[in-house]
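Hi,

Here is the structure I said I would pass on to you. Have a look at it first, and then read on for what turned up.

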Amino acid sequence: MKTALLPLGLEGLTAWMQEHNWPRFHARQVWHWVLARRCRDFAQMSDLPKRLRQELSENFEFFATQLVQTHRAKDGTCKLLLRLSDGETVECVLIPERDRRTACVSTQVGCGMGCVFCASGLNGWARNLAWWEILEQLLRLVDQLPAPERLSHVVVMGMGEPLANLDNLLLALKWATARHGLGLSQRHVTISTVGLPAKIRQLADQQLSYHLAVSLHAPNDELRTRLVPTNAKVGIAAILEAAEYYFRKTGRQVTYEYVLLRGINDGTEQARELARLLSGRCAHVNLIPFNDIPGLPYRRPSDAALGQFQQILRQHGVSVTVRKRKGSEIEAACGQLRRQRLESARNPAALAAANSA
Ligand code: SAH
């Protein structure tokens, strides 16, 4: 059986070189070929001795995950379902847009935060992803791009709560942004969090310049706790304080995400309350019209409500954008594809019926 290369890391690969009587620097060369040069064939690593290339291909395969499904939407969005070595599955998405090539990655199998409108948490939390399982998602997505193209942006907005798996995330992002890795700019990486104040501070102290997005979704604690249950023991005030700490430490403006749910948090009163909460802070609001999820009772806001919400924030001097909808026909909203697969494993007849309907 071959060993997967990525989980070894550069250190493990260096140790392997030593054990097999090869100079240590060959490890860095291999790592560079795989991450920076997109090479998936040891035979083509032309600056390595032929015998080493052969030894590597006899002993190693590149990935620890298996690609089990590829869904490509007409707008170019491409969603992958990967099977991990323990049989769990995880999703990632490639979103090509003009000059951007954005990868959206997951950090956990399932999610423990329990946001009521999100598909990722509906089946609970299973485990954290290892750093290489996060990095593999990026490499699998890179492999979907035509040869000269590279990833330009990463959004950590797939399944899971990134700050609840911060150590693994930081290691994966280290390789995403390293010159000998995927070479992305730190400023083009966005980490989206439900809002864990201690972890936001820990991230702020790393002297990195990742962009932070906080999922606010409501202008007061009463409503937020209904939508985002973890809010009960955190509270909006502590999140805003931590976000301001992040801004002071990194100089990067924090984005507040706000999923608009029809008749629940999309009213003019909530827009005013949100404006009062955020005006005077260096904040940007990203409004996200709810992506429908079968089985959940929530709906997207009307266009009029969306327009009004946006206008009220603007009138109060709060900078605001609306997230574009991408890949909806391939169920690109977080957690949907995995959930469909779990459901079909449990009830194959129901899925077959739904698909033929
Ligand atoms: N755990 C992280 C990442 C979640 S995914 C977080 O809470 O931020 C990124 C964003 O998509 C979050 O703001 C999340 O609340 C939102 N989201 C989840 N389900 C959604 C849906 N069905 N429609 C629109 N946005 C959704």
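Let me begin with the ligand. The shell of residues around the ligand is made up of ten nonpolar, seven polar and two charged residues. Keep in mind throughout that this is a predicted model.

Which residues come nearest to the ligand? Out of 19 residues around it, the answer is E161, S192, S215, H217 and N291.

As for how much of the ligand is covered, it exposes 530 Å² when taken alone, and the protein buries 95% of that. If you want to find the shell in terms of secondary structure, strand 10 (189-193) and strand 12 (254-260) are the elements that give two or more residues to it.

Now for the overall layout. The protein is divided into two parts: domain 1 covers 3-61 and domain 2 covers 66-350. Taken over C-alpha atoms, the centres of domain 1 and domain 2 are 34 Å apart. Where they touch, twelve residues come from domain 1 and 17 residues from domain 2.

Finally, a word on confidence. The mean pLDDT of the protein is 93, with 92% of its residues at 70 or more. The stretch to treat with care is 348-357: pLDDT stays under 50 there, and the model has two contacts for these residues beyond four places in sequence.

Cheers

Note on methods. Residues numbered from 1 in each chain as written. Predicted model: local features only at pLDDT ≥ 70, side-chain atom pairs only at ≥ 80, totals over all residues. Heavy atoms only, no water. pLDDT = per-residue confidence, 0-100. Contact = heavy atoms within 4.5 Å. Near = heavy atom within 4 Å. Areas by Shrake-Rupley, 256 points an atom, 1.4 Å probe, with all protein chains shown as cover. Helix = DSSP H or I, 4+ residues; strand = E, 2+ residues; numbered from the N terminus. Nonpolar A, V, L, I, M, F, W, Y, C, P; charged D, E, K, R; others polar. Domains from an automatic or database assignment.
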